[in-house]
Amino acid sequence: MCAFHSLAPRPPASLETVHNLLGSLVSRYRQEEVLTAVRQIPAREAKFRPLPAWVTSSLAEAYRAKGIRDLYLHQAATADLVRDGKNVVIVTPTASGKTLCYNMPVLNAVLENPDTRALYLFPTKALAQDQLAELHDLAKRLDDGFGAFTYDGDTPSDARKAIRERGHIVLTNPDMLHTGILPHHTKWMRLFENLRYIVLDELHTYRGVFGSHLANVLRRLKRVARFYGSDPQFICCSATIANPGELASRLIEKDVEVVEENGAPAGEKLFVFYNPPMVNRNLGIRRSYINEATRVAKEILARKLQTIVFANSRLHTEVLLTYLQQANPPKPGQPEPIRGYRGGYLPGERREIERGLRDGRILGVVATNALELGIDVGSLDACVMAGYPGSIASTWQRAGRAGRRSGSSCAVFVASSAPLDQFIVQHPDYFFDNSPEHAHIQPDNLEILVNHLKCAAFELPVSPDEKFGNVDLPDLCEQLGEAGFLHQSGGDWHWIDEAYPADTISLRSVTSDNFVIIDTTGEDNGKPEVIGEVDFSSALTTVHPKAIYIHQGQQYHVEHLDFDKRKAYVKPVNVDYFTDAIRYTQVRVLEVAEEEGIAGPAARAHGDVLVRSQVVGFKKIKFFTNENVGSGKLELPENEMHTTSFWLTLGHSLFAELPFSLSERQSGIFGLLYALGSMATLLMMCDRRDLGTAVGERPPSAASEINWEDFATASSNGSEAKEFFEPNLYIYDAYPGGIGFSEPLYRICGTLLNRTLDLVSACPCQNGCPSCVGPIADRSERTKEVALEVLGRLSRDAQFMATRTAEIA
Amino acid sequence: MSVRYVSLDRVRGLKALRRSSTSDVRGWQASLLNESGDESHPRTKPIQDDPDRLSQVLGATPKTNQYGDYLSVRCLCAQPPRYSPDLRALRLLTPEAADEIADPDQWLFLDTETTGLAGGSGTYAFLVGVAWWESGGLEIEQFFMREYSEERSLLFALRERIAEHPVLVTFNGKSFDWPLLETRYRMSRKISVPTPRAHLDFLHPARNLWRLRLGSVRLSELERHVLGWDRGADVLSGQIPQVYFDYLRGGPPERLVPVLNHNQMDLRGLAALSSRILSLLSDAESIGENGLELFGVSRICEKRGEHSRARELYQKSIATFLPAETDRAARRSLARLAKREGDFDLACELWRDAAGNSRHGYEAYEQLAIYYEHKARNPEQARQIVLRAIDELRRANQVGDIAPGAYREIKARFDRRMERLGRRNRRPLLDALAMQDEA
C-alpha cells in the first residue's frame, strides 16, 4: 500500500480522508473530549465585477493574458477608491488576490504618467522578493513599460543608483526605509518628488512595538515627501483583524476607507480543535501537545497530504522537525521530505524550501510564524498548529496556509496546557463566533518617538511649529539640544552629532544587535561556519553557555558565549534533552500614574516601573518525557528596562487574613499572577511575550529610594520568595517605554478579575495545573484554593467595575 | 484605546538613571542617549554676540549675498607653484575629457570639513576650502558657516567659484566631498547643484603610485613622504566635527583656527600632489624617483591601454630591484603585455622564472602549457610542463605548503588539461576546436 502511494501522484485532500484519519487517531479516547470542535467551513462562491473602464488598454490586455478578465468584488472596489484619491485598507484572507488591488491602480498611474513613483513596504525581504516576481511577469507583458526593483540589504551597491533613478516601483521593508532610504533622501529625489503611492502590505503585522516604530517611520516619510512637494496616497492590505481601519489610520495618520467584503472564492475547509487527552486528572496533566501534534501530522503525512506544521517557538519547531524527520526518512538518493522553516535560517535555504513546497518536492514543513505571512508556497492540503498561535487573527491566517481557491483542506489546532490554549479549546465558540483581535500601537511612546525624532532631525531640520506625534515638540527639541543631539539655528533644530542615528535604532527589538552562531567543528582546518543568528532579546535564553541550541533538527551545545562580540560558539552534539532558561525579574515602581482602592482590600494602579531581569540558570529537559534531568547556574549580564506596568496591590489585611500557611499564601500569589497574566494576554490580544509578570513587595513609598535587596525578591519560582507584607502583582509591558497595555489593563481590571475567576474555577483540575494557576510541581498543593480565595475577595465588586468598563469603552 | 502622554520630565529622569547605573545596561538608555552622552557638553549659551572677535581670530571677512552671510578667509600662497600639465599626462587620468581640462586656470581645488563621515542628509560641510592658480601661486579661499543658518549663503558663494573655475580637483572628492555637497545643494531647495565641467580625483592615481611604498595614502602621509613637507602640529581629522560642535555650543573660536589651517594645508598638499602626479605621468622615465613609482605609472598606462609605454616602464622598474612581491607583480604584468604583443620569447622567459609553488607560480605553469599546446604546437612539451606543475603541487601538498582548498582547485585544473593532452592524438578535430576556444 505504501509503495503504491509513493508512486502515485498526490491525491487531493477530501474531507472524508480527514474525517477518517481523525477518527482513527482518537478512537482510543472519548471523541467529544479530545475533539472539542469539528467545524466545516463551506466553500465560498466568487463575486465578480468587470474591469473598470479607466484601466488603460495595455494593462487590461496584460491582465487578460494572465487569465484575469473580471475582478473580484473587493479588487474592483479598491481600485475605484484608489482612483478617487482615497487612502484604502483592504481586509482579505490569504490568497484572495490582494496583490492586484494595489498593482492595478499603481501600474495604471505609471502607464498614464511615467514619472509616477510608488513605494511598496513589506514586513520581510522574502515577501518583497515574492511580489517582485509578479511585477516582473507583468512588466514582460507590458514591453517593460515600467521598472520594479527590490531595495534591501541584499541589493548590490552598483545596482542601487539605477534603482533610485529608474525604479517606478521600489519594493522594500520598513527597516531599509528607516536606515537606508530616508537618511539619504537627496539621492532619492526623483522618487520623492513623484511619490504618489505607498503600499503597506501585511498591515496587521505592524502592531505593538513594530507598528509603533513604523508609525514614526511613516511620519518621517511623509515629512520628507512634503519637502519634495508630494503627498502620497496609502494603499494598505491586512489580514482579518477587528480594527483594520483604526490601525491603518493610526499608522498613517490620515483618513482611511475600509474595503471588507471579500469576493474571492474559497474551497471548503474542516477546522478541528484537538485537546490532548488527560493522563492525570488530579494534576491536570495532559499528554504533551508537541507529541500529539506530531501524531496528527504523522497521520496526515502518511496519507501523502502536503502539510504545514506551525509551532510557536523556534525550539518547538526544531523538536517537531526532529520527530517528523525520524518518522519520514528520505528515500535513498532523494531530498529530505520534511523541512524546517523559521527566522534564523539563511535566505538561500529559505528560498529553496519555498520552491520545494510549490513544486511538491517537499511534503511537509515545520515553521514558526515566519510562514504565516503571504509567502507563496503554493496550496497545501493541511495545517497543524501545535499550540494556540496567540490570537484569533493569526490562527485564521495560519489555517489559511492550507487550501486555496478550490479543493478541500483541513486545519487542526492542538492545544497545549497553557491557560490560553485551554480556554480556547474548551470554548470553541469564543474562537468561531468572536471577531478577531484589535491591533494596538502606541506611536507616541516617548522612547520610540524620541528616537525617530532624532532620525527626523538628521533628515531635515525640525521647525518648531512642525507636528511629530502628539508631543510638545519645542520642549522635546530643547531636551535633545541639552543632551547634545540637536542645535537650534535660525529657528530650526539641526542634527549636531557625528553619529548616524538610524543605525542605532532597530524597529523590531530593543537593540539591533544580533548574535551569530558559529559552529566550531571546522575550526581546525580554518573554516568555522556561521549556521544562524538570534536577536539580542532571545540570545540570553537560547544560546547561553551550556545551552542546547537546535538548528535544522541538529542539536548544538553552546561551548562559549562571547557577549561583547555577540558570538556564540557551538559544537554539534547528540543528546536526549533540551534546555530551558530560568529568568529572574525584579520590578521597581518609579512613578504612579493612577491608583485606586478596590475590594479586598486591595488597590489597582498603573505607572512607570524599572524592570531588571537576568537569566540565572537553566533546566535540562528530556525529550518525549519532559522530565527535568538537571540544571545549571549562569552568570550573565543583567538587563534593565524602563517601562509601564499595571499592578494589583493586595492589602496587608487581605493577605494576612487568608486561612492558609505562609508558603501556601506565597505560592498562591504566584499562581494567581500566572492566571492573571494569561488572561491579560487574551484580553489585550497581544503576543504573550509582550507582557511580563513579576511579584514584588509594595514599597513604603514609590518616590523614596530603596535598596534593591530590601524588597522585590520576585522570581518566577515561588519557592524562593520570602514573606510579603503587601505583595504587588505586576503585569508590565515587555518593551522599554511601554507599548500601551498598562492603562487599558487598569481600566478593565474588573473584567480581568472576573474572567480570571472564570478560568480558574472552570478548570477541571483539583489543585492547580498548567492551564490555570501553573504547573503543580512548582507550587504548593493549595495554590488553586488560595488563588480562588483571593480572586473571590478581589472581584466582590468587579461586576460593577465591568459594567463601568463597558460604558467607558 | 486612550493615549497617556508621558511627561517630558521622563527624559530628564532617564538621564539621571543612566548615570547611576553601573551594570551592563542595554536598551532604552543606550539608544535614547547614545554613548557620546557621557561627555558633558558645554552648556553655556553661544557667544556669537561678538561676531567681530570670531572674524579677527580666523582672519576672516564677513561676506553677504542674496541668501545671507558667511565668512570668507583668503590668502595667496607662493607654494606650491603653478604647474601646467601636458596632455599626455591628463589623458592617462581621464582619456575622454582631456582637452577640456588642459587649462589649469580652469581648475578649482576643493576640500571640505564636515560634521561627520557617515554621510546622509544630516551631515553638513561647515567649512569648504577652494583654491585656484593665481599669479604663479595658489589663491586659497575658505567659506565658513558660523551657524547652520548660513549654509545657503555659503553654498551660493561656492557655486559662483565653481562657475569661474569649472574643473574640480579633489582627493577622494568623487566618493566623499562632492556627493556630500550635492546633498547639501538639494537640501537647500533653492540653489541648484553646480555642474562642474570635469572632476579630477587624485586618490586613485595616488593609490597606484604610492600605496605599495607607503601603505597609507592619506593626504598628510603623502605630503610627508612624497613631497617631503612637514605640517607640524595638526588637528586629527576625527576630532574636527567635535571642534565645530563645541564652537556652536559657545566654545572659544580659537579652537577653530587649527581646523582652518588643516583645511588650508590639505588644499596646498592637494595642489602640490596633483602637480607631482601629473609630472610623473608625463615623464616618469626621467623623473621617477624609484622603481615603485615607475611600477605605479606603468600600471596606470596599462589600464589606459598604452601598452608599449607600460611595457617599457615595467622593464625599467624591474631593473631598479623592486621588493620581491612587487617584482613578481611587475613581471607578471610584463609577461601579460608581452603575450598580448606576440613577444613569446620574453613571455616564456618570464613565466619560466615565475613558475613555482604559489598561485602566480601555477598560473605561470598554466600559461606556459597553453603556449606550448596552442602556439608552439608542441603537446609533448606542454605535457612535460603540466607534469612538472602536478609534481610541484603534490610535493607542496605533502609538506603542507598549500591550503587544501587551493590544492584541490588547482589540481583539478591541471588534471583536466592533462587529460585533454593525453587524448590529443586520438581526437584531433575536437581538440582543435577546444584549442581555438582557449586561444
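**Notes on the predicted model**

1. Where domain 4 of chain A meets domain 5 of chain A, the contact takes 7 residues from domain 4 and 8 residues from domain 5. On the domain 4 side, those residues sort into 4 nonpolar, 2 polar and 1 charged. Keep in mind throughout that this is a predicted model.

2. Next, a helix to look at from both sides: α4 of chain A, residues 57-65. Its buried residues are L59(A), A62(A) and Y63(A). These cover an arc of only 95° around the axis, so they sit on the same side of α4(A). What do the buried residues of α4(A) pack against? Their partners are α6 (98-112) and α7 of chain A. Turn to the other side of α4(A) and you find S57(A), R64(A) and A65(A), which are exposed. After the helix comes G67(A), with a positive phi near 95°.

3. Then there's the pair α11 (residues 208-227) and α12 (residues 244-252), both in chain A. Their axes are 7 Å apart and the packing angle is about 50°. From α11(A), the residues involved are G211(A), L214(A), A215(A) and L218(A); α12(A) brings R250(A), L251(A) and I252(A). By class, the contact has 5 nonpolar, 1 polar and 1 charged residues.

4. Two backbone spots in chain A deserve a look. In general, most residues other than glycine have a negative phi. E253(A), in the loop between α12 and β10 (257-259) of chain A, has a positive phi near 50° and isn't a glycine. With 15 other C-beta atoms within 10 Å, E253(A) is partly exposed. D144(A) also has a positive phi, near 55°, in a residue other than glycine. Look for D144(A) in the loop between α7 (125-141) and β6 (148-150) of chain A. Is D144(A) buried or exposed? It counts as exposed, because it has 9 C-beta neighbours inside 10 Å and the cut-off for exposed is 12 or fewer.

5. Further along chain A, A499(A) belongs to the loop between β20 (492-495) and β21 (514-519). A499(A) has 18 C-beta neighbours inside 10 Å, so it counts as partly exposed; buried would take 20 or more. The C-alpha atoms of A499(A) and F458(A) are separated by 9.7 Å, with the two residues 41 apart along the chain.

6. Over to chain B, which has 19 helices and 7 strands. Of its 439 residues, 38% are buried. Taking the contacts in chain B with a separation of 6 or more, 61% are between residues 24 or more positions apart.

7. Last, a peptide bond in chain B. The bond from Q79(B) to P80(B) is cis, with omega near -5°. In general, most peptide bonds are trans. P80(B) itself is in the loop between β2 (68-77) and α4 (87-93) of chain B.

Note on methods:
Residues are numbered from 1 along each chain as its sequence is written. Chains are lettered from A and ligands numbered from 1 in the order in which they are written. This is a predicted model: local features need pLDDT of at least 70, side-chain atom pairs count only at pLDDT 80 or more; totals for chains, interfaces and linings use all residues. Axes are lines fitted to C-alpha atoms, for helices over the stretch in contact, and angles run from 0 to 180 degrees between N-to-C directions. Helices (H or I, at least four residues) and strands (E, at least two) are DSSP runs, numbered from the N terminus. Two residues are in contact if their C-beta atoms, placed from the backbone, lie within 7 Å. Ala, Val, Leu, Ile, Met, Phe, Trp, Tyr, Cys and Pro count as nonpolar, Asp, Glu, Lys and Arg as charged, and the others, Gly among them, as polar. The arc is that of the directions from the helix axis to the C-beta atoms.
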